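Here's a protein to look over, and we'll walk through it one topic at a time. Take a moment with the picture before reading on.

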Amino acid sequence: MKRKISAAYHTAYKPQFFVIVAALVVLLVGAWWPAGGSVELGDRTQHTSTPGQNRPPLPLRPPLPPVDCAQEACLALTFDDGPSSQVTPQILDILAKHHVQATFFIVGSHVAGNEELLRRMYRDGHEIGNHSWSHPDFTTITAAQLDMQVAKAQQAIVRAGVPAPTLFRPPYGAVNAVVRAHVPMTLAMWNVDPEDWRQKTGKEVVERVEAGIKPGRVVDMHDVHQPTADGLDQLLTDLTNANYKLVTFSQLFNLAPGQRGLFYGR
Ligand code: NI
């Protein structure tokens, strides 16, 4: 026993021993690496798209009460291209102050780092829709790319812990037969385009929106544009004073979840 230990002890100091140990380490790591490495790689791939862990799904909230938009002066405010860590929180604060719900069309690649904003949207009663992964014109990409754009954004949104959207807003409103056939969701269009992204001040945004609205319309704005947030408090005050009932996109059309078709306004 003693001799053996002693022999091992001595062997440890011979250069050949280090070579053997090094070879063993290489072999062991090599055997472990493909499995461990690929898991790690898979994780990393997902992390580039949506860093952080999956968030726990939020408890499902009760559906918003139906609104009779044939009787009420309904109007659906929609916000695209976010979430923006700068602008979206301001918009959410102002909507909460006025106790109104809107619809947010999310760009999937903007979710990373903004998961809490999505969760707040959901908790605050807003509707969340899909606005593609990276905002390409869907009439210029292949059907496979189009499928990926929709699916990847859905995945990012769901990973934030909110229910999978049933609404899809095509970037630029670009739709053709392939888009209609491939996107398995309600195509959520609009019929008031104030071009808020062009406006320099909140006042201009308010004027442009108010110039276009009528009961039953869908207003397209962007929660990545500061003047839109700047004008929103005044806009909501004006709309309330004018007896508009602000509703989500699905409320406006009384949509069944996933109902197919293109919806522009009532
Ligand atoms: Ni957009």
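In the second largest pocket, the lining splits into five nonpolar, four polar and four charged residues. (Nonpolar is Ala, Val, Leu, Ile, Met, Phe, Trp, Tyr, Cys and Pro; charged is Asp, Glu, Lys and Arg; the others, Gly among them, are polar.) Keep in mind that this is a predicted model, where local features need pLDDT of at least 70, side-chain atom pairs count only at pLDDT 80 or more, and totals for chains, interfaces and linings use all residues. Residues are numbered from 1 along each chain as its sequence is written, and side-chain values use heavy atoms, with hydrogens and water left out.

- A pocket here is an open set of points on a 1 Å grid over the protein atoms alone, where a 1.4 Å probe fits and protein lies on both sides within 12 Å along at least five of seven lines; lining residues have an atom within 4 Å of a point.
- The largest pocket has about 610 Å³ of space, a volume being the space filled by probe spheres set on the points, which are joined across faces, edges and corners.
- Of the 24 residues that line the largest pocket, R61, P63, L64, E127 and S250 sit nearest its centre.

**The nickel site**

- Which residues hold the nickel ion? D81 (OD), H131 (NE2) and H135 (NE2) coordinate the nickel ion, at 2.1 Å.
- Along the chain, these donors (N, O and S atoms within 2.8 Å of the metal, or 3.2 Å for Na, K and Ca) follow the spacing D-x49-H-x3-H. Water is not among the atoms, so sites may look incomplete.
- H131 counts as buried because its relative accessible area is 2%, where buried means under 20%, exposed over 50% and partly exposed in between (1.4 Å probe, protein chains only).
- H135 is buried too, at 17%, and D81 is buried with 17% relative accessibility.

- D80 is in strand β1 and is buried, with a relative accessible area of 2%.
- Setting aside neighbours within four places in sequence, D80 is in contact (heavy atoms within 4.5 Å) with F105, H131, R169, D220, M221, H222, D223 and V224.
- D81 lies in the loop between β1 and α3, and its phi is positive, near 80 degrees.
- S132, in the loop between β3 and α5, has a positive phi of about 80 degrees as well, although S132 is not a glycine.
- Most residues other than glycine have a negative phi, and most peptide bonds are trans.
- The peptide bond from G82 to P83 is cis, with omega near 0 degrees.
- P83 and G113 are 30 residues apart in sequence and 9.6 Å apart in space, C-alpha to C-alpha.
- Is G113 buried or exposed? G113 is exposed, with a relative accessible area of 67%, and sits in the loop between β2 and α4.

**Cores and overall build**

- The chain has nine helices and eight strands, which are DSSP runs numbered from the N terminus (helices are H or I, at least four residues; strands are E, at least two).
- Buried residues make up 43% of the chain's 266 residues.
- The largest nonpolar core has 38 residues, and L77, F79, L95, F104, L236 and L239 touch the most other members. Such a core is a set of buried Ala, Val, Leu, Ile, Met, Phe, Trp, Tyr and Cys residues joined through side-chain atoms within 4.5 Å.
- Helix α8 gives this core its largest share, five residues.
- In soluble globular proteins, nonpolar side chains tend to be buried together.
- F104 touches residues including F79, L95, M121 and D223, not counting those up to four places away in sequence.
- A second, separate core of 15 residues includes C69, C74, V247 and F249.
- In α4, the buried residues are E115, L117, L118, R119, M121 and Y122, and they pack against α3, β2, β3 and α5.
- After α4 comes G125, with a positive phi near 90 degrees.
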